[in-house]
Amino acid sequence: MIELLEAYWPAIVIALVIGLVIAWYIFHASRRTRVTGTSRDVLDEGAAPAERNKALIDSAPAATPMQPAAAVPPTAAQATGGDDLTRIKGVGPKLAALLREQGITGFAQIAAWTEEDIDRIDPTLGRFEGRIRRDDWVGQARLLADGDESGFASRYGKIS
């Protein structure tokens, strides 16, 4: 046995080194990849706001437009194209366009909504369903229709 080791020791050392290299590669390759990039997640401190899914925002409404609300007669603001509905907190340009398609153009119309009106209009808002009550559009619209900007600011925050 000793003669065998003395004769083939270089081959044994080479085989041992190759075995160690293969073992190191196998154990190293099974580790998870380390993230070395500098990209930030939207949840990281100081990160920019998340990008919105434009495909969902720009998609067509899920329901067919409803008939205009007849509870409130047209006002002077509606005759000139209506109020800026985006002043209501929770109503963005997409929701404002959706409301205008349904004939809702003024704060006075929204301020006059009853619970039945809300129940009828809310399902037509598609993925925005539930926003009317959650963001208190009726209360906001009452203050804006009355021109009470200070009352609006004290209750709902600064008007944008």
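Colleague: Where do R120 and D117 lie, and how many residues apart are they?

Modeller: In this predicted model, R120 and D117 are both part of helix α6, and their spacing of three residues is about one turn of the helix. A salt bridge is a matter of distance, since a side-chain nitrogen of Lys or Arg has to lie within 4 Å of a carboxyl oxygen of Asp or Glu. R120 and D117 form such a salt bridge, with 2.9 Å between the closest N and O atoms.

Colleague: Which residue forms a salt bridge with E115, and where in the chain are the two?

Modeller: The partner of E115 is R133, and their closest N and O atoms are 2.8 Å apart.

Colleague: What is the distance between the closest N and O atoms of R155 and D136?

Modeller: For the salt bridge between R155 and D136 that distance is 3.6 Å. Here too the pair links distant parts of the chain, with R155 in helix α9 and D136 in the loop between α7 and α8, 19 residues apart. R155 counts as exposed at 59% relative accessibility, while D136 counts as partly exposed at 24%. Salt bridges can also share partners, and in this way E115, D119 and R133 are joined into one network. The structure holds six salt bridges.

Colleague: How many residues of helix α8 are buried, and what covers them?

Modeller: Helix α8, residues 137-146, is mostly covered, with seven of its 10 residues buried; among them are W137, G139 and L144. The cover of these buried residues includes α4, α5, α6, α7 and α9. After α8 comes G147, which has a positive phi near 80 degrees.

Colleague: Which residues form a nonpolar patch on the surface?

Modeller: I14, I18, I22, W24, Y25 and I26 form the patch, and together they have about 690 Å² of accessible area. One of these residues, I26, lies in helix α1, which spans residues 2-29.

Colleague: How many helices and strands does the protein chain have, and what share of its residues is buried?

Modeller: For the chain as a whole, one lists the elements in order and then turns to totals. The protein chain has nine helices and zero strands, and buried residues make up 25% of its 160 residues. Its accessible surface comes to about 11500 Å², with 59% of that belonging to carbon and sulfur atoms. Among contacts with a separation of 6 or more, 53% are between residues 24 or more positions apart.

Notes
Residues are numbered from 1 along each chain as its sequence is written. This is a predicted model: local features need pLDDT of at least 70, side-chain atom pairs count only at pLDDT 80 or more; totals for chains, interfaces and linings use all residues. Side-chain values use heavy atoms; hydrogens and water are left out. Buried means under 20% relative accessible area, exposed over 50%, partly exposed in between (1.4 Å probe, protein chains only). Helices (H or I, at least four residues) and strands (E, at least two) are DSSP runs, numbered from the N terminus. Contact means heavy atoms within 4.5 Å. Accessible areas come from the Shrake-Rupley method with a 1.4 Å probe; for residues, only the protein chains shown count as cover. Patches are made of residues with over 30% relative accessible area and no salt bridge: like charges are joined within 9 Å, nonpolar side chains (Val, Leu, Ile, Met, Phe, Trp, Tyr) within 5 Å.
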